[in-house]
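Subject: Structure handover

Dear colleague,

Here is the structure for your files. My notes on its charged side chains follow below.

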Amino acid sequence: MKDLAIQKKDLEEKIISALKEIYDPEIPVNIYEIGLIYKIEIEDDFLVHVVMTLTTPNCPVAESLPAEVREKVKTVEGVKDVDLELTFEPPWDMEMLSDEAKLELGIL
């Protein structure tokens with residue numbers, strides 16, 4: 001059986017892959033590369049805590065996007081449950097875009 005740290009790392013990679021399937025409706029790049037996911041923590045019992053933000057507090061998907069993230073992470077094999085925290089600290093800005101997102105958007 002794999003070491004717990006390895007299991008958690010493998011699970012985190014699967015979660016990130018799942019999150020990369022979700023796109024912000026206003027930016028044609030996935031939410032992970034945009035920088036909307038601030039933190040992914042996996043507890044020893046495989047409860048996953050996700051801290052995320054939105055591009056703006058009055059984002060048109062403020063209600064649906066966090067729910068979509070929670071449901072998508074829950075579908076990852078090995079995830080027991082998901083605790084999702086929505087925050088606006090620090091506020092999202094363009095500096096949070098990954099290099100991949102900046103290339104996709106033509107700003108790098």
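Which side chain does Asp81 meet in a salt bridge? The partner of Asp81 is Lys74, at 3.9 Å from N to O. A salt bridge here is a side-chain nitrogen of Lys or Arg within 4 Å of a carboxyl oxygen of Asp or Glu. Asp81 is partly exposed at 34% relative accessibility, and Lys74 is partly exposed at 36% (buried is under 20% relative accessible area, exposed over 50%, partly exposed in between; 1.4 Å probe, protein chains only).

This is a predicted model: local features need pLDDT of at least 70, side-chain atom pairs count only at pLDDT 80 or more, and totals for chains, interfaces and linings use all residues. Residues are numbered from 1 along each chain as its sequence is written, and side-chain values use heavy atoms, with hydrogens and water left out.

The structure holds 7 salt bridges. One of them joins Lys8 and Asp44, with the closest N and O atoms 2.7 Å apart. That pair links distant parts of the chain, 36 residues apart: Lys8 is in helix H1 (residues 4-19) and Asp44 in the loop between strands S1 (37-42) and S2 (47-52). Helices (H or I, at least four residues) and strands (E, at least two) are DSSP runs, numbered from the N terminus. Asp44 is exposed, at 53%.

Lys102, in helix H4 (residues 99-105), is buried yet has no salt bridge. The nearest side chain of opposite charge is Glu95, 4.5 Å away (Lys and Arg count as positive, Asp and Glu as negative; His and the chain ends are not counted).

Regards
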